[in-house]
Amino acid sequence: MKTPFLRILSQAQLGRITQEVDLNYIETNADAALKMLDSFIMSTQIYNGQEQLALQPVSVAATMHDTTQYLYRLAQLQGCELEVRAPRSVGLAMANPLALQAALTGLCYSFIHALGKKTSKRQTIIFTAKLTRDGVQAGVFSPQLEMPAEVLHQARRLKGNARQPMPTVMHGSGAGILVADTLFEAMNATLKTARYRSAGGLVATLVPSHQLALL
Amino acid sequence: MKNSETARQVLLVEPDKLLAASYRRVLTEVNISSEWQQTAQDAINSIDKVRPEIILLEVQLHGHNGIEFLHELRSYPDWQSIPIILLTLVPEHELGLNDQIRQQLSIVEYCYKPQTSLEQLQKLVIKHIGKSE
């Protein structure tokens, strides 16, 4: 959570030393930091029982498209491409629109953070949505990221007690994933590790809405 | 004695791509070149080639952490005296650093990232690179 603020601070200090300031860099990191902070506050309020989520029919595909719009510039800075493979025919799921947005933002943010590699090869993050027997499955994957089930279990056990609960997957706190875990749980969905073709990632299955929709 | 015109070499072990770019840029301003590695293993693999005069190290790394890196580094006789500046998000009290550990691992500075400006970092690297001659 501190990293984007550190980036902004160091860019400002660098500007003072070199007389060159990358405003796009500052704006992009500030924007991402604020979104993550909002997501974190929401998940903390839910975790502490201070807030309950009202669920309503929400388009998962549209929320995914919105999320990629929000994080597009941060992904570009880190050398990542964002793709959405979510047909609108998937329909609506019972979710809280703000919480779903925050959960997907958290997942995507953590993936971008983990994939910011030295290599010039582009890294890819894929959002998927599909209708399954159990409901609307929303997922975030990357071919460059392995996410074994044990990593997620361990992160849950260490939540709040470890500085780096997923060291084999990412160097940071994985806060985005833990935020998403709390938010999905509050929407009656459980975050799980999964694979999409050759990509590793995380999915949550939301209860489908049977409301008619003009989509 | 090294030629004072020769660019001095720092090994930066920093997992965050964007922060690493800022640190490298600020060192370039004072004619200090740097090699950047994101993981402990890559850093170990690069040391013979880089022959750094000083290592800037984040403790929180992907895979093996910075403490593991330090112990491996110090197990090689040739690399035992390379000074280390810890530049990390981990607070000092959580690392359990004391004088004995600092001395054993040649940790010459501890810098908590949120409280260390790039100007301060520049000065510290210059100070310790000067001593390593």
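The lining of the largest cavity comprises six nonpolar, three polar and one charged residues. Here Ala, Val, Leu, Ile, Met, Phe, Trp, Tyr, Cys and Pro count as nonpolar, Asp, Glu, Lys and Arg as charged, and the others, Gly among them, as polar. The model is predicted: local features need pLDDT of at least 70, side-chain atom pairs count only at pLDDT 80 or more, and totals for chains, interfaces and linings use all residues. Residues are numbered from 1 along each chain as its sequence is written, chains are lettered from A and ligands numbered from 1 in the order in which they are written, and side-chain values use heavy atoms, without hydrogens and water.

The whole structure holds one cavity of 30 Å³ or more. On a 1 Å grid over the protein atoms alone, a cavity is a set of points where a 1.4 Å probe fits but cannot get out; a pocket is an open set with protein on both sides within 12 Å along at least five of seven lines; lining residues have an atom within 4 Å of a point. The largest cavity contains about 60 Å³ of space. A volume is the space filled by probe spheres set on the points, which are joined across faces, edges and corners. Among the lining residues of this cavity are Leu6(A), Gln13(A), Tyr23(B) and Lys113(B). Helix α1(A) gives the most to this lining, with four residues. Helices (H or I, at least four residues) and strands (E, at least two) are DSSP runs, numbered from the N terminus.

The largest pocket has a volume of about 780 Å³. Its lining has 35 residues; Met1(A), Phe40(A), Arg163(A), Ser173(A) and Ala175(A) lie nearest the centre. Here α6(A) gives the most, with five residues. The second largest pocket holds about 200 Å³ of space. Lys35(A) and Tyr70(A) are among its lining residues. The charged end of Lys35(A) also sits over the ring of Tyr70(A), 4.8 Å from its centre. This requires NZ of Lys or CZ of Arg within 6 Å of the ring centre and within 35 degrees of the ring normal.

Aromatic pairs were also counted. Rings of Phe, Tyr and Trp (its six-membered ring) pair if their centres lie within 6.5 Å; planes under 30 degrees apart count as stacked, over 60 as edge-to-face and the rest as tilted. By this rule, there are two aromatic pairs over all chains. Phe141(A) and Tyr196(A) form a tilted pair, 5.5 Å centre to centre, with 35 degrees between the planes. Both Phe141(A) and Tyr196(A) are buried (buried means under 20% relative accessible area, exposed over 50%, partly exposed in between, with a 1.4 Å probe and protein chains only).
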